[in-house]
Amino acid sequence: MKAVGVIVEYNPLHNGHVYHLQEARRLSGADVVVAVMSGPFLQRGEPAIVGKRARTEMALHAGADLVLELPVAYAVQPAEWFAFGAVSLLHRTGIVDSLCFGSESGDLDSLQRIARVLAVEPAGMREDIARRLREGASYPAAYAGAAAALAPGGVDTHDAAALLEQPNNSLGLHYLIALQRLGSAIQPFTAARTGAAYHEATPGPGAIASATAVRRLLMADGPDASAPYVPAATLAILHREWQEGRAPIHWERFAQPLLHLAATRRASELERIAEVTEGLEHRLSRALAQLPEPSVEALLNAMKTKRYTRTKLQRMLAHLLLNHTKAECSPEQLAAGPGYLRVLGFNTQGQSLLKQMKKTASLPIVLKPSTFTHNQLELDIQAQVAYGLACEHKDTRKMFSDYYESPVRL
């Protein structure tokens, strides 16, 4: 069986994701799909609107055959390490032949040429990024500008900058860089994004809306409002999660513990938290003292600048909530790669893949965390517990579900 990998968050899964899964099979000629999915906290730092088991069910109903969890140590990271962790998992399965990611451009050739240059980081690139940051650019803009300046022959610098300023193109570039750095034989493909743009806040006339727009509908009016833009299985799962008090999860559900942590830690303690950089511990303390109301949204608004984007600040707050230190999330730690393959769910074909992976995988396969010990896995379990505390109907077994519940089977 040929297997294609996809790297996803499904927050929540919508019709555009179904299109991507279909394109992944078509472009790669694969028989099965292996999805690497973030757990309760996502790359932009925010909590997922519904839990990872519910989103695993959505993925399996939509066409994925096997779902693996991206450890939270990688899931809540800038694009470089998010991509490296996810691609590493696909590579270490030993069964994935190809990777298909979405992009705004659909231009795999240009992205690959830039990736080949950046895979061995050119001298002076970090200095160029630092210079752009000092001039007031956000990190994504600084990285895009520095990368574009190194664009190889045949790729115009201005075209490269425009290409990399688009979020899916930028993330796709990091997937390609990760493949290069791992020396992986996985073949990349890209499916051009169709319908709504990544950040589009309101649905257009078609059946495909951005995840941002779908979440806004869900938060305002509940599951039925999302019906035109999600598959029937996703809608049914959303209804169940709402009815059972496990959704919607959003930042304000964490306001009390998060603001308590931020207010009661010394600056020296805050400084040790991942993504608390360049004196942000002092900016955080000043912002807390001036909040018009005790909310996470107010805190983010008080701290946000052109340089410190909402995404950067959300990731910082997620690390603070979960007590992720710089030492645990250092480049040296992350460069070692994930330490296990955590199975979230599978169907019949996925079960066959798991049997094959027992012979091919170069990492331990974890079906129940209670049977395996690893520092990254401890962070995953802690993240799930913290996420469970935000549910309306708190259930200790659900909070500690990583210990009690087997993978989802469809």
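**Close-up views of a predicted model**

Proline 248 is found in the loop between α11 and α12, where helices (H or I, at least four residues) and strands (E, at least two) are DSSP runs numbered from the N terminus. This is a predicted model, in which local features need pLDDT of at least 70 and side-chain atom pairs count only at pLDDT 80 or more, while totals for chains, interfaces and linings use all residues. Residues are numbered from 1 along each chain as its sequence is written, and side-chain values use heavy atoms, with hydrogens and water left out.

Most peptide bonds are trans.

**View B. Helix α12 (residues 255–264) and its two sides.**
Ala255, Leu258, Leu259, Leu261 and Ala262 are buried, where buried means under 20% relative accessible area, exposed over 50% and partly exposed in between (1.4 Å probe, protein chains only). Seen down the axis of α12, these buried residues fall within an arc of 160°, so they line one face of the helix; the arc is that of the directions from the helix axis to the C-beta atoms. On the other side of α12, Gln256, His260, Ala263 and Thr264 are exposed.

**View C. Strand β1 (residues 3–8) and its partner β2 (residues 32–38).**
Six of the six residues of β1 are buried, so the strand is largely enclosed by the rest of the structure. Ala3, Gly5 and Ile7 are buried on one side, and Val4, Val6 and Val8 are buried on the other. In a regular strand the side chains alternate between the two faces of the sheet. β1 and β2 pair in the parallel sense over six bridges, pairing being a matter of DSSP finding at least two bridges between two strands, and the bridge partner of glycine 5 in β2 is valine 34.

Most residues other than glycine have a negative phi.
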